[in-house]
There are 2 protein chains.
Amino acid sequence: MRGIDYERLLARRLSRLGFAVVRAPSSGSGTKMDRPDIIAGRRGLIVAIEVKTTSRRRIYVGEKGVEQLVRFSECFGATPYIAVKFKGSGMDWLLIHPRYLKREGGTYSISLEEASRIGITLESLILRRLGEYS
Amino acid sequence: MRGIDYERLLARRLSRLGFAVVRAPSSGSGTKMDRPDIIAGRRGLIVAIEVKTTSRRRIYVGEKGVEQLVRFSECFGATPYIAVKFKGSGMDWLLIHPRYLKREGGTYSISLEEASRIGITLESLILRRLGEYS
């Protein structure tokens, strides 16, 4: 599967969880204008998502990608997340807030172990939100 | 200019006004999944926009388009607007809330005169919002 297919799968999952979802694939048009891969909203909970997958045990995100995601999210009024998928690990998608990424040089990264410890599952994203109202 | 070019122009205007903008062109991929043409956010003010242009004095929007826009917006937590451009009129973009559209049969519409009376300019969209905080 290509990266774009993973984006589509994640978008579908969010949609089934009740989110209104917009995908903004970079589509090779050159200017990406700070857009995240996915922006999704559910009754005021708004998340801007950059999708990353790997077959290894550590996921890397370029400095520029992280900065753009954070900048876009601040401007839009959304919470930024890196959605990580460790292929072949059997683990579901995990949402990682950029503040938990480890920075080294011009690259941010997170290991499978760290991700599984601090990552948020898609379902708990909603439960957290529901919890705020209960 | 094609419809897609007008979408791009409007997206650029919103961007210059400080919005984080995502365009979701239908791209002929078939399933449009309730997506609006543009979703834009600026410090918590979030708008979902369907773009319509005409060379005539009345703009029509299909029932399905309006329903999808309203449904998406409710789910996302955005305010729905039809952005109308009366080409050749010299008038700037006007944002029309769906509740102001006139319904006849399976079609919604608004005339140039009605639009200029109740439409919101892009600039006043921001000023209104600022007003809420002042």
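Two strands pair if DSSP finds at least two bridges between them. Helices (H or I, at least four residues) and strands (E, at least two) are themselves DSSP runs, numbered from the N terminus. With that in hand, here's a look around this predicted model, where local features need pLDDT of at least 70, side-chain atom pairs count only at pLDDT 80 or more, and totals for chains, interfaces and linings use all residues. Residues are numbered from 1 along each chain as its sequence is written, while chains are lettered from A and ligands numbered from 1 in the order in which they are written.

Let's start with a sheet in chain B. It's an open one, built from three strands in the order β4-β8-β7, with antiparallel pairing. β4(B) and β7(B) stand at the edges with a single partner strand each, so one side of each has no neighbour in the sheet. From one strand to the next, the twist averages 30 degrees.

| Strand of chain B | Residues |
|---|---|
| β4 | 58–62 |
| β7 | 102–104 |
| β8 | 107–111 |

Zooming in, β4(B) and β8(B) are held in antiparallel pairing over five bridges, and B:Val61 sits opposite B:Tyr108 of β8(B). Helix α2 of chain B (residues 63–76) lies across β4(B) and β8(B), at about 70 degrees to β4(B). Axes here are lines fitted to C-alpha atoms, for helices over the stretch in contact, and angles run from 0 to 180 degrees between N-to-C directions.

Now for how the chains relate. A rotation of 180 degrees, with 0.0 Å of shift along its axis, puts chain A on chain B with an RMSD of 0.0 Å. That's the relation of a two-fold axis. In chain A, the residue closest to the rotation axis is A:Ala24, at 3.2 Å (C-alpha).

Where they touch, chain A gives 16 residues and chain B gives 15. On the chain A side, β1 (20–23), β2 (38–42) and α2 each supply at least two residues. Two residues are in contact if their C-beta atoms, placed from the backbone, lie within 7 Å. The copies meet through the same surface, because 94% of the interface residues of chain A are also interface residues in chain B.

Finally, A:Gly65 belongs to helix α2 of chain A (residues 63–76). The C-alpha atoms of A:Gly65 and A:Glu50 are separated by 8.1 Å, though 15 residues apart along the chain.

Technical notes
Copies are superposed by least squares on the C-alpha atoms of residues with pLDDT of at least 70 in both.
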